Amino acid sequence: MSSKISGPKGAPDLFPPRSLLHDEIIGRAVIQLRRFGYNRIETPVFEHTQLFEKGLEPGSDLVTKQMYTFEDRGGRSLTLRPDMTTPVVRAIIEHGMDRQGLPVKLYYVASIFRQERPQAGRQRQFTQVGVEAVGSGGPDIDAEVIQLALNIYRAVELDVNLALNSIGHPGCRADYIPKLQAYLRSVADQLCGDCRRKIETNPLRTFDCKVESDRKLLEDAPFIVDQLCPECEIHYAGVKDRLDEWGIRYTEDPRLVRGLDYYTRTAFELTAVGLGSQNAVGGGGRYDGLAESLGGPSLPGIGFGLGVERIALALESKGVERKPALDVFIVSIGDRGRTAAFSLAAKLREAGFTTDLDYAGRVMKGQFKAANSRGANWVVVIGEKELESGKYTVRQMNTGDEEELPPSRIAGYLAVRS
RNA sequence: GUGGCCGUAGCUCAGCAGGUAGAGCACCCGGUUGUGGUCCGGGAUGUCGCGGGUUCAAAUCCCGUCGGUCACCCCA
């Protein structure tokens, strides 16, 4: 066992039947994304390390200890993307997409890499489907992006809770952070060690603490949402107005602090039940300063990312499963039968039916078992009798009804009956 | 990076007052010489994660190691 080669830790293989569920989630999501006017972008899985050092907060865990960074043969430092927003904004700037009309609306389906300790719902390589809308700063698009995210969850039939907050712009935070720190220092002796450390390094993160006594204390802390500048205040009110108008239910969570530090103003998170401690199935927010910090023009932006694996896990915990299915399985006997089977398979596949057959030369009973385990709705039998009469036996598996038909008429027959 | 739990057949697991392995599911064959999903009978499959130690004897006890998993952390 130990000598057998295995895949790297935290990078699970995706194969049937689970891959079917993934495909379906992504497929349904893409329909929604296109309806909202987003088109697909693909960026390389690795980027210059510098991109993430500039775009993401330099002191953050994500940058300091979770990136897969390596040197290529030319001595350049490259990093497997730990985030999709930064590369997409980079690409927008690099190709001048912002000059073709704003906002730039792009969606992606992408693998993300973060070197964390794996646990339920958290892998080192995972898949995000998400959008970035760059070049529009008003609250309309914030609300619409949230609406889009919720539409995707509805399309995959997963119930989620929407938590909403505004974390202001850097100016708001510059005023607010000292106030928060002052409060935290005043109760420092009652806080856990981690939180005490975060007072200086990353005070916003204390809101994520799971220690009950700390949570209590933080209820009395000043919240950024109460300290917004007039412009951010108006923006946030605008987002909530739109959501209210559209009948979208949300919970305001003044403790919600998005993980990535480029976020400004609107922040939201979507959680589902049935997931263990990693229960966020998606999240997003506004990042008005990011383009500029990457050396581009000043462009506001907003986006979200949904975790495909976590959505699949949440659905599976509800008992949802997808099994491979087949329209037709062809059972044949003998060499002539097999030749006829392949020629019929080609015709049926051309006509759009998922079709499979036996490659092992199994006995008829075994071929029927195979048809059954592959989930075939129909079986076509080509044996001696059929070859002689020129009519194949077409059996509907769930009813057992059989019909004798010449090969040329089978596709038409199936099209009518299925 | 820190901690708890777990590594036995393809999968889920039993066996652990030490005597060198078993069940269910899945798979293959047959009962039904051309019909699956039900039933009955038969069959194949394991370096019991790896290394070392104790012992006449280790899946079982001890040490180490690797792997998995869950939680912290962090986040989708």
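## Contacts with RNA strand B

A polar side-chain atom of glutamine 128 sits 3.1 Å from a sugar or linking oxygen of RNA strand B. This is a predicted model. Lysine 9 makes another polar contact: an N or O atom in its side chain is 2.9 Å from a phosphate oxygen of RNA strand B. Glutamate 384 uses its backbone. A polar backbone atom of glutamate 384 lies 3.4 Å from a base oxygen of RNA strand B.

Which elements give two or more residues to the surface near RNA strand B? There are strands and helices here. The strands are β6 (125-134), β10 (280-286) and β11 (301-307). The helices are α13 (364-373) and α14 (384-389). Helix α13 gives the largest share, with 5 residues.

## The surface around the RNA

How many residues surround RNA strand B? The count is 47. The closest are Arg117, Arg205, Lys385, Glu386 and Met397. Now look from the RNA side. Of the atoms of RNA strand B that come within 4 Å of the protein, 52% belong to sugar and phosphate.

The surface near RNA strand B can also be sorted by class. Charged residues number 19.

Next comes empty space. Rolling a probe the size of a water molecule over the atoms shows where such space is left. The second largest pocket has a volume of about 440 Å³. Its lining has 17 residues. Closest to the centre of this pocket are Leu150, Arg154, Val160, Ile248 and Arg249.

Two elements, α5 (139-155) and β7 (161-166), each supply at least two residues of this lining. Helix α5 gives the most, with 5 residues. What classes of residue make up the lining of the second largest pocket? The lining divides into 8 nonpolar, 5 polar and 4 charged residues.

## Glutamine 181

Now find glutamine 181. This residue lies in helix α6, which covers residues 170-186. Is glutamine 181 buried or exposed? Glutamine 181 counts as buried because its relative accessibility is 13%, and the cut-off for buried is under 20%.

Which residues does glutamine 181 touch, not counting those up to four places away in sequence? The partners are Ile199, Glu200 and Pro203.

Conventions. Residues are numbered from 1 along each chain as its sequence is written. Chains are lettered from A and ligands numbered from 1 in the order in which they are written. This is a predicted model: local features need pLDDT of at least 70, side-chain atom pairs count only at pLDDT 80 or more; totals for chains, interfaces and linings use all residues. Side-chain values use heavy atoms; hydrogens and water are left out. On a 1 Å grid over the protein atoms alone, a cavity is a set of points where a 1.4 Å probe fits but cannot get out, and a pocket is an open set with protein on both sides within 12 Å along at least five of seven lines; lining residues have an atom within 4 Å of a point. Grid points are joined across faces, edges and corners, and a volume is the space filled by probe spheres set on the points. Helices (H or I, at least four residues) and strands (E, at least two) are DSSP runs, numbered from the N terminus. Ala, Val, Leu, Ile, Met, Phe, Trp, Tyr, Cys and Pro count as nonpolar, Asp, Glu, Lys and Arg as charged, and the others, Gly among them, as polar. A residue is near a molecule or strand if one of its heavy atoms lies within 4 Å of it. A polar contact is a pair of N or O atoms within 3.5 Å; within protein, one must be able to donate a hydrogen and the other to accept it, and residues adjacent in sequence count only if both atoms are side-chain atoms. Buried means under 20% relative accessible area, exposed over 50%, partly exposed in between (1.4 Å probe, protein chains only). Contact means heavy atoms within 4.5 Å.
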